[in-house]
Structures are given as structure tokens and as C-alpha cells.
Amino acid sequence: MASTTINPTRMELTRLKTRRTTAIRGHKLLKDKRDELMRQFLDIVRLNKELRQKVEKKLMEAHSAFTVASAVMSPEMLEQALCYPKQSVSLDMKFKNIMSVNVPEYTFHTANDDPSEIFPYGFAQTSGELDDAVEALSEVFQDMLELAQVEKTMQLLAQEIEKTRRRVNALEYIMIPEYEKNIKYISMKLDENERSNTARLMKVKDMMLEEQVQKAEEKKRLRAQERHAAQQ
Amino acid sequence: MYKIAVMGDRDSVLGFRALGLDVFPCEEAAEARRQLHQLARNDYAVIYITEQLSSQIAAEIQRYKDEVTPAIILIPGKTGSLGLGESALQSAVERAVGADIL
């Protein structure tokens, strides 16, 4: 922007002034958007942190239950027991609009509604520890899904905030100062032209006056000479 | 209708099969990378991946960060949490705010 030459004309000045007004208005709007996004983002970050800690803690419990189960049972048996799940989960995704950012909202459907149907094996050949482990996992699953939703929302918001922040800064520190500078340059140049024009007019007026005075004096002198000649 | 996938080492993810999630045991980075792209193309809206595996394919996960689907969520594996999930949270905050404010 800085390297381009600008025409110091009134038309250019008017154009720049409208662009500056637009830029200032856009800057204000984007700044409001950024502030609101930031407010929402911080809430979500806090929620995300809590959820993550909860999920990680519960998952570790489930994992240790599984370790116990696999210690009691042979790996082949374990594999066999979990091989054919009774339950199946499908996910429904809706979108929520937060300050023009589309964030996902998940709801899941289980094919089998009975909560006791999570065990895909007969109880005769498996250990009770495996039941505990599977139960622990199914408990944590709801939170895991919420974590997924919150974490994705957070990532998308972070991206949007970064973008908005860059725009706000570009307007505030580059575009608007640039317009101000150019407007100042043009108005200075126009004023300067105006002054030089006035000075030139004054000079011309002076010259014309001087000429007239000279002419008048010449006439006077001539008339005096004529009068003198007539008297003689 | 979307689906949910779980990726990671066999022992960590086996249990999720009982819940009816689609489980993809992966041990190696190259295999995991290929699997991840495949899942992303095939209607998987949420992919859970163990931190141990995710540390090997961080670049791929980064690629899906700005996409709406899939949401790739890190979970601790059998050997415990590496703190990668927390640090991802922190880097997102840093990206948005410009400083670590937590």
C-alpha cells in the first residue's frame, strides 16, 4: 500500500474518506465479534478441561479393570468374549451456530436400549472382572462423547478467533493508519495548491495594478504636455 | 448417520468393542496414518485415538483440526496419560488468545 502513488485530487480524497469510514465500522464490528467469541471460548475451555480430567480418570479406572480381567482370563477367551458386540452405536450430528461458527452437536443412538445388554457374552465362561470393566467403559462413554463435542467446538472457535484477531489487528494497525496518512497527504497537497494559487493571483493583481498606475501616470504626463503646448 | 471409531493398541481399545463402537487396532505409524485417512473419508464423525499412537502421527491429526469432521479426540491408552490431551488444549488457547492464560 505504502509504495503506490496516490493522486492528490478531491475525488481521491472523497473515496479515501468513505473507505476509512467503512474500515472503522468494520473494525468495531470485528472487535465486538472477537470479544464475544473469546468469552464463549473461555467458558468452553474451562468445561473442556474439567471433562478431560474426568474422562481420563474414569478411563484409567476402566483400563485397570481390563488389566485385571485379562490377567484372570486367557487372551483368546477375552478376544472371543468381545468379538461380537450386541450393541451398536450410531451418531447423529447437528450444527449449532456460535457467532457464525458452525460447531457440531452429537447425539448417539444405541441399537439396543436395554442398559444391561452391553455384555456381548455369556456369563458362564467369563470372569466377573470383565463385567466390571465393560460397565466402567459404558459409564465413561457418555462423557467421552461430550468431550468430543466440546473439544471440536473449542478447536473450531480457536481457529475463528485467530482469524478474527488477525483481521482486527490488520485493520487497526495497517489499513486505518494508511488511510489516515493518505487523507492527510492529499488534504495537505490540496491546501498547498490552494495557497500557491492565491499567491499567484495576488502577484498578478499587483502587476496589473502597477500597470494601470503607470498608464494613468503616462496619460497625466501626456495631458500636461498637451496643455503646456496649447498655452504656448 | 455417522459412526464412531476407536484407534490404538489392541489392549487399550478392545473394551470399546463391547459398547458397539468400531475398533481399529493399530500398532504402527504407517498403518495408523492410512487407517486415519480412510476413516476420515468414511462418515466417521468422531475418532478416538490413544495418546501413545497419536504421538506418532501428530502431523496427520493436525490436518483434521480445522475440519468440522472428523473430531479426533485423544484418550489415554493402557499405559496411562501422556498429558498430550492437556497440551493440545493449551496450544488451542495459545492460538486463540496469543498467550497461555490457563
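Predicted model: local features only at pLDDT ≥ 70, side-chain atom pairs only at ≥ 80, totals over all residues.

Reader: Which residue in the hairpin of strand 1 and strand 2 of chain A takes a positive phi?

Author: Met99(A), with phi near 45°. That hairpin has 2 residues between the strands.

Reader: How many bridges join the two strands?

Author: 10, and strands 1 and 2 of chain A run antiparallel. As one example, Lys96(A) has Val103(A) in strand 2 as its bridge partner.

Reader: Zoom out. What's the order of elements in chain A?

Author: From the N terminus, α-α-β-β-α. The radius of gyration, taken over C-alpha atoms, is 43 Å for chain A, well over the 17 Å that the globule rule gives for 232 residues, so the chain is more spread out than a compact globule. That rule is 2.2 Å times the number of residues to the power 0.38.

Reader: What box do the C-alpha atoms fill?

Author: Roughly 160 × 30 × 25 Å along the principal axes.

Reader: Now helix 1 and helix 3 of chain A. At what angle do they cross?

Author: Roughly 165°, and their axes come within 4 Å. Axes are lines fitted to C-alpha atoms, for helices over the stretch in contact, with angles from 0 to 180 degrees between N-to-C directions. The two helices are therefore roughly antiparallel, a label for angles over 145 degrees.

Reader: What's in that contact, by class?

Author: 40 nonpolar, 8 polar and 22 charged residues. Ala, Val, Leu, Ile, Met, Phe, Trp, Tyr, Cys and Pro count as nonpolar, Asp, Glu, Lys and Arg as charged, and the others, Gly among them, as polar.

Reader: How many residues of chain A are in contact with chain B?

Author: 43, against 33 residues of chain B. Contact means C-beta atoms, placed from the backbone, within 7 Å. Helix 3 of chain A gives the largest share of chain A's side, 17 residues. That side has 27 nonpolar, 10 polar and 6 charged residues.

Definitions and conventions
Residues numbered from 1 in each chain as written. Chains lettered and ligands numbered in written order. Contact = placed C-beta atoms within 7 Å. Pairing = 2+ DSSP bridges. Parallel < 35°, antiparallel > 145°, perpendicular 65-115°, else oblique.
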